[in-house]
Amino acid sequence: GQVERGGYKHFMLKEIHEQPGACAQTLQVLVGERGFDLTPWGLPPELLRSLSSVHLVACGTSWHAALVGKFYLETLAGVPCRVDYASEFRYREPLVPPSSLVVGITQSGETADTLAAMRLAKDKQALVGSICNVRGAMAERLSEVKLPTSAGPEIGVASTKAFTSQLVALLVLALAWRRARGEADEALERRLFHLPYDLQQALHTDSSVEGVAGELQHARNALYLGRGVLYPIALEGALKLKEISYVHAEGYPAGEMKHGPIALLDEDFPVIGLCPAFELTEKTLSNLEEVRARKAPVYVVGDGEHPRLREIAQRLVPLPRLPWPLLPIVAVVPLQLLAYRVAVLRGCDVDQPRNLAKSVTVE
Ligand code: G6P
């Protein structure tokens, strides 16, 4: 009842609000006072230096975390990283080069496809790891490298705090790897400890998100656009909306819009653009200009100081200036709130969406 939901109307809303604490706790457990050294979790610096590549396997929202993780690992740690849906990885002949680390990312640690992918990686002699939210779950038992997320139990079927905690774990992995290579980014390491405050700020977008939700509630479709590290967040925003409000939504890399989705746009097809202040702001902006020219309503989650963005946005949900690795972690919060608000307005059962299970333990 209301009590176990801590006064919140739904578990999902409670868990959205728990994200500052969940990320702080994940960081505290992984890094603590010890610093960016993952020796206690089975990844000492000399082992990191000996690895040639990483492969991330996951399903659903955890797969979106993997897509962000690829940016962290390749850009910050300089290590080649591939990402697969676990259900695809397991049924092809995936190349797992010698001295690869294969990490299953899973909130529950019990998703059948993810476990099968990890077993396959083990058969191929990879070093197998997990980023998992449940201590002692099967994913951890299969792993030599166990990177815990510490988000606490997640009850809402639509994953929220487990996702942002996975991003924190992936960022810690990349920073530790970078440090092992002798190129520690101390400024970013320090900045990461401020993330819980950034997430707290992001929760304050709820009032402006409510305005967007009011306009979206009767939409039959929505397109989410993002570039770079925000493309996976466009996918995640669209997935959240689909899952709990049953509005058809797609996430797309903004630069690909002209190769298809633009044909769908008209005044009844809202577009949500992720356009914070970062190196790709102007690129995404020019895509949103094309959307406007097709008369589709544009909603922006992004740079509130940008005059042109403010002009073309029907409504703008402001995001603060942040170092790029923190952008996806913070930008997903208003999208979670948006899906939640739309679902509530449409009278949907937020915590128990139809046809979905919290963890899919059979194939
Ligand atoms: C189900 C849930 C999703 C989750 C996915 C993967 O589809 O509804 O929210 O992202 O499984 O779950 P996992 O526990 O492996 O992260």
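This is a predicted model: local features need pLDDT of at least 70, side-chain atom pairs count only at pLDDT 80 or more; totals for chains, interfaces and linings use all residues.
Visitor: Hi! How do helix 8 and helix 15 pack?

Guide: Hello! Helix 8, residues 161–180, and helix 15, residues 327–345, pack at about 170 degrees, and their axes are 10 Å apart. The two helices are therefore roughly antiparallel to each other, since angles over 145 degrees count that way.

Visitor: Nice. Which residues make the contact?

Guide: Helix 8 brings F163, T164, L167 and V168, and helix 15 brings P328, I329 and V332.

Visitor: And how does that contact divide by class?

Guide: There are 6 nonpolar residues and 1 polar one, with no charged residues.

Visitor: What span does helix 8 reach?

Guide: From first C-alpha to last, helix 8 reaches 28 Å, close to the 28 Å expected for its 20 residues at 1.5 Å a residue.

Visitor: What comes just after helix 8?

Guide: There you'll find G182, which takes a positive phi of about 80 degrees.

Visitor: Switching to the ligand, which residues come nearest?

Guide: The shell has 16 residues, and G60, T61, T106, S108 and T111 come nearest to the ligand.

Visitor: Which element gives the largest share of that shell?

Guide: That's helix 4, residues 60–76, with 3 residues.

Visitor: How many in the shell are polar, nonpolar or charged?

Guide: Around the ligand, 10 are polar, 5 are nonpolar and 1 is charged.

Visitor: Okay, new topic. Where does D84 lie?

Guide: D84 is in strand 2, which runs over residues 81–85. Leaving aside neighbours within four places in sequence, D84 is in contact with H55, V57, F89 and P94.

Visitor: Why is D84 called partly exposed?

Guide: Because D84 has 18 other C-beta atoms within 10 Å, while buried takes 20 or more and exposed takes 12 or fewer.

Visitor: Last one: what about S52, buried or exposed?

Guide: S52 is exposed, because 11 other C-beta atoms lie within 10 Å. S52 sits in the loop between helix 3 (45–50) and strand 1 (53–58).

Visitor: Which residues is S52 in contact with, leaving aside neighbours within four places in sequence?

Guide: Those are P97, S99 and S100. As for H218, S52 is 49 Å from that residue, C-alpha to C-alpha, and they are 166 residues apart in sequence.

Technical notes: Residues are numbered from 1 along each chain as its sequence is written. Axes are lines fitted to C-alpha atoms, for helices over the stretch in contact, and angles run from 0 to 180 degrees between N-to-C directions. Helices (H or I, at least four residues) and strands (E, at least two) are DSSP runs, numbered from the N terminus. Angles under 35 degrees count as roughly parallel, over 145 as roughly antiparallel, 65 to 115 as roughly perpendicular and the rest as oblique. Two residues are in contact if their C-beta atoms, placed from the backbone, lie within 7 Å. Ala, Val, Leu, Ile, Met, Phe, Trp, Tyr, Cys and Pro count as nonpolar, Asp, Glu, Lys and Arg as charged, and the others, Gly among them, as polar. The expected span of a helix is 1.5 Å times one less than its number of residues. A residue is near a molecule or strand if its C-beta atom, placed from the backbone, lies within 6 Å of it.
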